[in-house]
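Let's take a walk through this one together, from the overall picture down to a few individual residues.

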Amino acid sequence: MSALPGVWRMSCLLKKKYLSNPRFRFLRSVASLTTRTFSRGPVSLQGKAPDMSEGNAHLLMSNVRNRLREIVGASTNWRDHQQALADRLSLANQLAGSQDELPVRRMKDSYIEAHLPLGTDPTLREKYLNYLKGVRFGRILEDLDSLAVLICYSHTHNKTLQRSPLSIVTALVDKIDMRKQIIHPDCDIKFTGHVTWVGKTSIEAKMHMSQYHGGAYTPVLDATFVMVARDPENKRAAFVNPLKPEGIEEEKLFYQGEINKTRRIELSTASLLKVAPTAEERKVVHSLFLNTLDSKTVSFRSRVLPPNSVWMEDAKVKGLEICHPQERNIFNRIFGGFLMRKAYELGWANACVYGGCRPNLVAVDDILFRKPVEIGSLLLLSSQVCYTEGKYIQVRVHTEVLDPLTRQHNTTNVFHFTFVTDKDVPNIVPQSYGESMLYLDGKRHFNQTLES
């Protein structure tokens, strides 16, 4: 590990400033007490849903990835898995030459309902339980990612083929909106979803998660994922079946998919990495600069932190993951859901330390998968509080892979999370121009979340 740059050696888990922060020490002691208290008492089983009783045939979330392996011919054994993927190269001649060659699908053709029996299966519950008597949302992100892939394979299913020649992977998470902040660890969960929009090589899938509590299912979240189809080698784009909406409601969903695509293009075009901030945004940056000037020195270089504020430089948490084969997906690369879980947990920890209390997730916005992460990679994660407003904290998590031999860094993902706390949080204040751009980008994502 000595070959890593100094900044990563010093902050693989948490920055020293956070470790010495009294708020962090308080939270750590509370976490320990909560864990001990919760481990003593039994978990109520009142969340058992009637449709999860024995004898009812339904798809369990634990079986989703097994079904995906069957669809593409992947193996659960590491050595066999590599050979199975090599055998997929012969499937390239089964790909369609154009979208017109593929049969039209309906939305109901891809509809899937999957169950997560947390109230029924105590052993499974342990995997999802967090120390705050809730559910690890990172695990839910993993389930959503797997389910989205299975939904898209259901849309492209060809009964005449034993294995699918398509490699369907996650391109981006367009939006995850929380409709309920509390997810009970002892109540059964149901996922439903289907394809809502299709391009030539891309597919949009919408999913809904509900939980059985108080005698009925209540909505927990709505999620929109965009997947792309590739050839068996996962190198070139491949055509997918067209989609024909039926009825007014389905036409609305399909039209919304078109709007989402247009919005993503517009946001990419207006990115602060490509164009200058707007006139209004420039005023915001200048106002922040004026608020930090030292009135005693009247100097551009002398900066003073305003009351109830934190420099952006001091609101970072970083981590490192060694990507082992255990976390691979069906295409022999690191599972996208695993990346989302790690990014979310790092972002949550940052928001928790920054706000001094437990934050609740409001939305996940615009997760872009730029490059796949290979097995054996050193994955560097950097979490940054980039915008605050009242009780809200906007966190950006940037992930990149590091080649320890060449020391080259390549960005793989960028994640955006919006959290809310039960009290007002300090204002985040940028110092450099780059930090000001992060601030404006966070503000854009936050405003978009509020609008939706």
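Of the 452 residues in this protein, 50% count as buried. Keep in mind that you're looking at a predicted model. The protein has 11 helices and 13 strands. As for how the chain folds back on itself, take the contacts with a separation of 6 or more: 77% of them are between residues 24 or more positions apart.

Start with the sheet. It is an open one, built from 11 strands with mixed pairing, and if you step across it the order is β1-β2-β4-β5-β6-β3-β9-β12-β11-β10-β8. The edges belong to β1 (59-60) and β8 (316-322); each has a single partner strand, so one side of each is left without a neighbour in the sheet.

Now move to β12. Strand β9 (residues 360-369) pairs with strand β12 (residues 409-420) in the antiparallel sense, over six bridges. How much of β12 is buried? Nine of its 12 residues are, so β12 is largely enclosed by the rest of the structure.

What about the helices against the sheet? α11 packs on it, touching β3, β9, β10 (378-389), β11 (392-402) and β12. The direction of α11 makes about 70 degrees with that of β10. Then there's helix α8 (residues 247-269), which lies across β3 (167-178), β4 (189-198), β5 (202-213) and β6, running at about 75 degrees to β4.

For a residue-level stop, go to Leu221, which is found in strand β6 (residues 216-230). Is Leu221 buried or exposed? Its relative accessibility is 0%, and because of that Leu221 counts as buried. Leaving aside neighbours within four places in sequence, Leu221 is in contact with Phe137, Ile140, Leu144, Ile176, Asp177, Met178, Arg179, Met207, His208 and Met209. Pick out Asp177 from that list: it sits 44 residues from Leu221 along the chain, yet their C-alpha atoms are separated by 5.6 Å.

Finally, look at a helix pair. Two packed helices are described by the angle between their axes and the distance between the axes. For helix α9 (residues 279-291) and helix α11 (residues 433-451), the axes come within 11 Å and cross at roughly 125 degrees. α9 and α11 are therefore oblique to each other, and α9 passes α11 in a right-handed crossing. On the α9 side, the contact is made by Glu281, Val284, Val285 and Leu288; on the α11 side, by Ser436, Tyr439, Leu440 and Arg444. Sorted by class, the contact of α9 with α11 has five nonpolar, one polar and two charged residues.

Key: Residues are numbered from 1 along each chain as its sequence is written. This is a predicted model: local features need pLDDT of at least 70, side-chain atom pairs count only at pLDDT 80 or more; totals for chains, interfaces and linings use all residues. Side-chain values use heavy atoms; hydrogens and water are left out. Axes are lines fitted to C-alpha atoms, for helices over the stretch in contact, and angles run from 0 to 180 degrees between N-to-C directions. Helices (H or I, at least four residues) and strands (E, at least two) are DSSP runs, numbered from the N terminus. Angles under 35 degrees count as roughly parallel, over 145 as roughly antiparallel, 65 to 115 as roughly perpendicular and the rest as oblique. A crossing is left-handed if the near helix is turned anticlockwise from the far one by less than a right angle, and right-handed if clockwise. Contact means heavy atoms within 4.5 Å. Ala, Val, Leu, Ile, Met, Phe, Trp, Tyr, Cys and Pro count as nonpolar, Asp, Glu, Lys and Arg as charged, and the others, Gly among them, as polar. Buried means under 20% relative accessible area, exposed over 50%, partly exposed in between (1.4 Å probe, protein chains only). Two strands pair if DSSP finds at least two bridges between them.
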